[in-house]
Every structure is written in structure tokens, then in C-alpha cells.
Amino acid sequence: MATIPLATDESGERRLTPAEAFAHAVAAVAELGVEADLAPVLDGSPGTWRCVLRRDGEDIRTGLGLGKGSRDEARTGALFESLEHFLSGLHGLRSEEIRPVPAHRLAAGPLAADLPVSLLGEAPDGPVGCLPYRSLTGGPDLSVPVFLSMPDYLGEAGRALRRRSGDTYDYRTVCRYSVNNGWAAGTEPVEATVHAINELIERDALSLLLAGQFLRPWPERLALVDPGSLPVPLAGLLAFATTATGGPVHLIDMTTDLDVPAYMAYLPAPVGRPARVCGWGASLSRRYAITRALTELVQLHCTIPLREQFAHLLPARRDDTGPCAQLHACYLSDFTAGLPGAEVRRFEDTEAPATPAGHLERLVSVLRESGLGVLRREHYVTEHLAVVNVLVPGLERFMLVTDGHLVVPGDRGMAVIRGGTHHDARDGRTTGSGRPRPSSRNTVRQHRS
């Protein structure tokens, strides 16, 4: 089994070793009164592990987690992700925590930079269930709609909770924008918050990449990493990923105006099939961002058989984008036409903070300087485990289109469509997708149905 030195230990995003963190996760499992079934899918380095949480021998519907990276990191990551998925559902959420806020008041407030919140003003008014979030950027603490980050809240599992909390809003116009975005687990809140923010930046970058490639009159130019410029460990990891998946694997630079390195490990799919075996990563450490993208690609490839085995734990999916050719192109995510003319960039490492606190400070500063606020809810915090949710109003969630949802971009995506660029060809900075600007989405919204 291949053993490749990975960039995890030098990223500075975790405060403990994987073995130390694993001990905390095991203690958290015991505290919650559940059992964890851990098993390797690819037992090596890089490796992939899966974890299923059970109670009284029965699988918990939201308790499936996957982990990637070195063997110890993959095992630990799978356990933490299963706990994150379990707790980011409705477990432990009490109706008395939920505060109903009029939809039109939310749509006229500071959260309106988020497209689904702005859409609340286009439907009949009504009480929307919200939870308190604390600002990390010096702004006011705000009540944030539960539906934004808890899809289960809108289903049968959340029906009684909505009724008890006085939430009677008709979510049919915005339910497609509900996604478990900005959730992360760690051994303490700072570490978890770093990973939550990186996830938001990664998904924003993917959203802008899709808008720039498939929604403009002409596609913007792709940027690829020169494989020959990669340091030895990353070159070895790319070779491993190419062999494991059958390749070829292309490293697409998705970095936006935020200047936080973000990458996609792209594996082309057969013509007419959606490209779903890909990996994504964002981090202040460019080396770690690429590592995450490549190890996630390997993870998704080797867990394909699990999708049938654990279908009862996975959300049902369907493609609703067919009526709109441009949105369907986003759903397919076929970047092959842009590969021959792509700009090729040499790998240049970045200097990343040495601690999670350093990462958090710089990430919050980057977002603040871009005119973006950061809101956090410490959803579950004990001595052994922290699960948080972070919202950055204005960052895109258009990547939901790749799940077949009929969604449209927000202001950052619309700026790219109008002629801005995802990232400048010279230095990786975005010139046209920075601060949200007023825009008309009528052309795209006609496909909202």
C-alpha cells in the first residue's frame, strides 16, 4: 500500500495530532450515547475511512461520515464527520431556542446579501424560524433562518419543531437553497470555525467557477496548476490519484478575489454524465488546499460502492435543471472544452499561520476587508467536541446546481456573468466578483419555477 507524506501536519489548522483528536471523538461518542462503526475503505496513506453512528443497533439517518488523508487522519476525520452530520441535523435542537422573525423583515435586513434571504421578500410574509448567531467581524449579532443550513428542518423530521416554535412560513420558494453549508466539527470551537469558513470559501469558489464557465456569453479562461512544478509530496499524491481513479486528473485553480487558495481536482466524466468524482479544497496553505482536493477525489472514487450500501442514509437526488440548458451545463460540470486553452500556473507555496487561532484571525480579516461579515453559532460544545455553523452573507451557494437543484447565482455570481472574472489571469485575484452589487437576475430567474 502506498505511503505518501501529506501536508496535513504542517497546515496549522488542527491543534492536536489525529491520534489525540481521535481519543476526544471517542469520548464524544460515549457522551452522546451512540455507537460508532468505523471501517477502512482504502487502508493506506492516502486513505479513506467511513463511520456510521448507531443507536441500539439501528443506523442513525444523519450519522454517516467519511474521512480522508493519512491513515490516522482519515479514521479520525470519518468519526468527526459522522458526529458533525448527526449534530447538524435536528438532534438536540429545542423549539424554545427558535425565534420566529417576519420574513419581510429578514429580507430587508443585513442578511439580504444572501440570495435565499432576499427571496423571502418576494413571497407572502410570515414567521421564519431563526437561531441566534454571534458576529466575528464586529457587527451586530443576528437571528439567522434555520432553513439556510439545516435541510432537515424543512422535512417531516422538522415539522413538529416548526409547529411548536410558531414557524408557519411556506418555504416552497426557497427550500431548494437549503444546504448543510458552513458546518464543521473539531476538538474546540476555533478549530471547527476555521474548517467551516474554509468550506464556505471553497463552495463560493466553485459557484463562481461554474458561473464563469457556463453562464457567461463566452466562458472565462480556466487556470490549471502545472503538474511539473508541484513539490515531490504533491506530485506523488497527484500520481496516486491519477492511478487510483484511472485519470487524467486536472488541478483547476478556483481562487477568487478573497485570495484564499482554492482548488478543484477535476476528473472528466463520460460525455453527458455529470462530473461527480472530483475533489475540492480551500486553505490559507496552498499545499494543504491541493492536498485536500486530491484526497477528496480519491475518497469519492473509492466510496462509490458505499452509495448503494448506505443509500438509506443519503438524500435522494434528482436533476431538475433540464429545462434550462445553461443550468444543466453547470449540473454536468464538464470543463473539458476549456482545458486546451487554459492558463498554466506554476505552484508557489503560501505562508500559512502555525495555529488554528492564527488561521481564524487571518480568515476573518480577509472576509472583513472584502466587506463580508462572519456569523457563528456554537451549536454543540463540550470538553471533547465542538460543532459550529458559520454563515458569511453574500458568499455563493450556487454550487447547489451540481446536485440538480434549480437555483440561480447571487450577486457575486451575477457580477461574473455580467463580464467580471473569477480570478485575474496575472495574479489569481478576482476583478469583478468582489463585493456584492445590485443586479437584475430576471433573465436567470425566469428558470426558477
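The stops below concern a predicted model.

**Stop 1: a pair of helices**

Select residues 232–245, which form helix H7, together with residues 286–302, which form helix H8. The axes of these two helices come within 10 Å and cross at roughly 15°. Because angles under 35 degrees count as roughly parallel, H7 is roughly parallel to H8. The crossing of H7 past H8 is left-handed.

Now display the side chains where the helices meet. On the H7 side, the contact comprises Pro233, Leu234, Leu237, Leu238, Phe240, Ala241, Ala244 and Thr245. Facing them from H8 are Arg287, Ile290, Thr291, Leu294, Thr295, Leu297, Val298 and His301. Of the residues in this contact, 11 are nonpolar, four are polar and one is charged.

**Stop 2**

The whole structure contains 23 salt bridges. Select Arg54 and Asp37, whose side chains form one of them, with an N to O distance of 2.8 Å. Arg54 belongs to strand S2 (residues 47–55) and Asp37 to strand S1 (residues 35–42), so this pair ties together parts that are 17 residues apart in sequence. Arg54 is partly exposed, at 22% relative accessible area, and Asp37 is likewise partly exposed, at 23%.

**Stop 3: a salt bridge within a helix**

Move to helix H5 (residues 156–165) and select Glu156 and Arg159. The closest N and O atoms of this salt bridge are 2.4 Å apart. The two residues lie three positions apart in H5, which means that about one helical turn separates them. Glu156 is exposed, at 59% relative accessibility, whereas Arg159 is partly exposed, at 42%.

**Stop 4: a salt bridge between loops**

Next, select Asp403 and Arg317, whose side chains meet in a salt bridge with an N to O distance of 3.4 Å. This pair links distant parts of the chain, 86 residues apart. Asp403 is in the loop between strand S14 (386–391) and helix H12 (411–417), and Arg317 is in the loop between helix H9 (306–309) and helix H10 (325–332). Asp403 is partly exposed, with a relative accessible area of 24%, while Arg317 is exposed, at 59%.

**Stop 5: backbone geometry**

Most residues other than glycine have a negative phi, and most peptide bonds are trans. Pro248 is located in the loop between H7 and strand S9 (250–253).

Then select Asp56, in the loop between S2 and strand S3 (58–69). Asp56 is not a glycine, yet has a positive phi of about 55°. Ser333, also not a glycine, has a positive phi of about 55° and lies in the loop between H10 and strand S12 (343–345). Is each residue buried or exposed? Asp56 is exposed, with a relative accessible area of 69%, whereas Ser333 is buried, at 4%.

**Stop 6: a proline in a strand**

Finally, select Pro132 in strand S5 (residues 127–135). Beyond its neighbours within four places in sequence, Pro132 contacts Glu97, Leu142 and Arg377. The C-alpha atom of Pro132 lies 9.0 Å from that of Pro145, a residue 13 positions away along the chain.

Definitions and conventions. Residues are numbered from 1 along each chain as its sequence is written. This is a predicted model: local features need pLDDT of at least 70, side-chain atom pairs count only at pLDDT 80 or more; totals for chains, interfaces and linings use all residues. Side-chain values use heavy atoms; hydrogens and water are left out. Axes are lines fitted to C-alpha atoms, for helices over the stretch in contact, and angles run from 0 to 180 degrees between N-to-C directions. Helices (H or I, at least four residues) and strands (E, at least two) are DSSP runs, numbered from the N terminus. Angles under 35 degrees count as roughly parallel, over 145 as roughly antiparallel, 65 to 115 as roughly perpendicular and the rest as oblique. A crossing is left-handed if the near helix is turned anticlockwise from the far one by less than a right angle, and right-handed if clockwise. Contact means heavy atoms within 4.5 Å. Ala, Val, Leu, Ile, Met, Phe, Trp, Tyr, Cys and Pro count as nonpolar, Asp, Glu, Lys and Arg as charged, and the others, Gly among them, as polar. A salt bridge is a side-chain nitrogen of Lys or Arg within 4 Å of a carboxyl oxygen of Asp or Glu. Buried means under 20% relative accessible area, exposed over 50%, partly exposed in between (1.4 Å probe, protein chains only).
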